[in-house]
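Subject: Structure handover

Hello,

Here is the structure you will be taking over. Please open it first, then read the notes below.

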Amino acid sequence: VRSTLLSTPDEPVAVESGSIVTDALLQWGVRVTGQAGVERSVLVESARVDRHGKVQNSVVGPNTEVAAGEVSSCVLGPFVGLHHESLLISTLWPGGRGNVGYGANVGSNHTSRAPDQEFWAGEGLFLRLGVNVKFPCDFSRRPYTVVACGTDLAPQQVTIPFSLVAPRQEPLPDLPPAYNQISPAWMLRENVYALRRCEAKFRARNKAKRSRFDFAVFRPDTVAVMLAAARDLDDVPAVRPLYTDRNIPGLGKNVLTDSDRVRAVEAYRFYARYWALGGLLDRVRTAGRGALDAADDDRVWAYQRELLAADGLLADPDEALDLLADMADRVARDVERARQRDDARGVRIIPDYADVHPPVGDDPVVRAARAEAEAIRDAVQSLTTASATRSSRRVAAAR
């Protein structure tokens with residue numbers, strides 16, 4: 001009713017199985033099925049609403065799926081998954097690439113006063129089972145963060161990325177009960193497998209032909225946020241067992257242990273360096289060592305070069321590339337270790353777990369991480385061997 005469907009033979013729009021669409025724009029490849037309802041909304045290409053899903057007064061981004069959930073007055077970016085009964089109200093999530101678990105309740109459109117409250121979600125946010133988000137709340141500057149099952153988020157702003165937020169395991173006498181516990185860089189330290197899986201999953205599931213995506217988790221914007229968090233966590237006025245937002249701005253209504261703080265700083269800087277060294281390898285392979293100091297319009301390399309120079313890694317490119325190969329091996333081991341924890345737990349609990357789950361070595365994400373590490377080491381060895389050969393020839397010619 002009063003709607004526009006941009007349907008073509010190659011990218012048909014489907015409204016079927018008792019679904020109702022009113023005052024809406026459905027772009028190419030959109031599907032509204034399973035008695036779903038869409039009102040006063042825009043569904044961007046290849047979005048889907050299914051299994052009694054409801055979308056009202058919202059923009060739903062490409063490749064985003066609302067199945068059984070309810071979305072009202074939201075702007076959702078690409079690849080958001082609401083595959084179960086859950087609620088999103090007044091949520092601004094332009095980065096998308098996240099997931100909303102069963103029973104998650106994201107806010108209400110007012111706090112018994114003016115209806116002007118909202119939730120800002122960051123790229124890659126994962127709200128697990130039964131999470132409750134109270135307005136106003138701002139996670140927009142903390143990409144790829146997980147909120148654990150059953151967590152209640154009080155109104156807050158958090159700027160620490162790649163983190164885990166979970167209920168406290170023990171009460172603390174001087175801390176309000178609404179405070180949870182935050183583990184910064186937890187996704188980098190304990191679950192880099194999930195980040196690699198996200199990159200592969202979104203690349204494989206992309207059906208949009210007009211939207212363009214950079215599927216990499218580590219990009220200049222995410223790396224900049226990581227390094228800003230590392231500085232904030234490292235620059236504490238005094239070391240103490242526990243920290244809150246009174247000690248470190250950006251922690252929100254969460255408590256942080258000193259051991260997690262120290263490990264987070266190392267993880268943020270490790271992956272920022274790893275990303276920058278990857279840029280060094282690409283630069284040497286495509287333009288040669290002589291281009292490392294050249295100024296051009298490559299803004300990504302300019303930022304990577306800035307990070308490498310600050311760490312003193314441009315003085316000896318061969319040594320820096322050797323470091324990259326070692327770091328790639330560590331990343332591959334961390335990906336495998338994260339996957340192994342699932343297997344170890346499953347075997348302890350489910351008697352036939354090993355019979356029906358493929359071994360870690362056959363996991364495509366683990367295999368891809370190993371292959372990447374091997375490819376990096378092979379490339380580094382080839383480049384350093386060629387560099388040594390050229391140096392030997394120059395010495396011989398000088399004689």
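Two strands count as paired if DSSP finds at least two bridges between them. Helices (H or I, at least four residues) and strands (E, at least two) are DSSP runs, numbered from the N terminus.

This is a predicted model: local features need pLDDT of at least 70, side-chain atom pairs count only at pLDDT 80 or more, and totals for chains, interfaces and linings use all residues. Residues are numbered from 1 along each chain as its sequence is written, and side-chain values use heavy atoms, with hydrogens and water left out.

**Strand 29 and its partners**

Start with strand 28 (residues 242-243). Two bridges join strand 28 to strand 29, and the two run antiparallel. Leu242 has Thr257 as its bridge partner in strand 29.

Strand 29 (residues 254-257) also pairs with strand 27. That pairing is parallel, again with two bridges. Here Gln181 is bridged to Val255 of strand 29.

Strand 27 (residues 180-183) is joined in turn to strand 26 (residues 164-166). Three bridges link them, and they run antiparallel. Val165 faces Ile182 of strand 27 across that pairing.

Which way do the residues of strand 29 point? Asn254 and Leu256 point one way, Val255 and Thr257 the other. In a regular strand the side chains alternate between the two faces of the sheet. Asn254, Leu256, Val255 and Thr257 are all buried. Buried means under 20% relative accessible area, exposed means over 50%, and partly exposed lies in between (1.4 Å probe, protein chains only).

Leu92 has Trp120 as its bridge partner in strand 19.

Another open sheet has eight strands, in the order 3-6-9-12-15-18-21-24. The pairing is parallel here too. Strand 3 (20-22) and strand 24 (152-153) stand at its edges with a single partner strand each, so one side of each is left without a neighbour in the sheet.

Look at strand 15 (residues 87-89) and strand 18 (residues 105-106) for an example of the pairing. They pair in the parallel sense over two bridges. Leu88 stands opposite Val106 of strand 18.

**A nonpolar patch**

Which residues form a nonpolar patch on the surface? Val59, Val75, Leu92 and Trp120 do, with about 290 Å² of accessible area together. Patches are made of residues with over 30% relative accessible area and no salt bridge; like charges are joined within 9 Å, nonpolar side chains (Val, Leu, Ile, Met, Phe, Trp, Tyr) within 5 Å. A salt bridge is a side-chain nitrogen of Lys or Arg within 4 Å of a carboxyl oxygen of Asp or Glu. Areas come from the Shrake-Rupley method with a 1.4 Å probe; for residues, only the protein chains shown count as cover.

Val75 lies in strand 13 (residues 75-76). Val75 is partly exposed, because its relative accessible area is 35%.

**Backbone details in the loops**

Two residues sit in the loop between strand 8 (48-50) and strand 9 (54-56): Arg51 and His52. Arg51 is not a glycine, yet has a positive phi of about 50 degrees. His52 also has a positive phi, near 65 degrees. Arg51 is partly exposed at 42% relative accessible area, and His52 is partly exposed at 49%.

A cis peptide bond joins Phe135 and Pro136, with omega about -10 degrees. Pro136 is in the loop between strand 21 (132-133) and strand 22 (137-138).

Val192 belongs to helix 2 (residues 192-205). Buried or exposed? Val192 counts as buried, because its relative accessibility is 2%. Not counting residues up to four places away in sequence, Val192 touches Met187, Tyr271, Val331, Asp334 and Val335. Contact means heavy atoms within 4.5 Å. The C-alpha atoms of Val192 and Ala338 are 7.2 Å apart, although 146 residues separate the two along the chain.

Helix 4 (residues 258-287) has 30 residues. At 1.5 Å a residue it should span 44 Å, and its end C-alpha atoms are 43 Å apart, which agrees. The expected span is 1.5 Å times one less than the number of residues. Gly288 follows helix 4, with a positive phi near 90 degrees.

Best wishes
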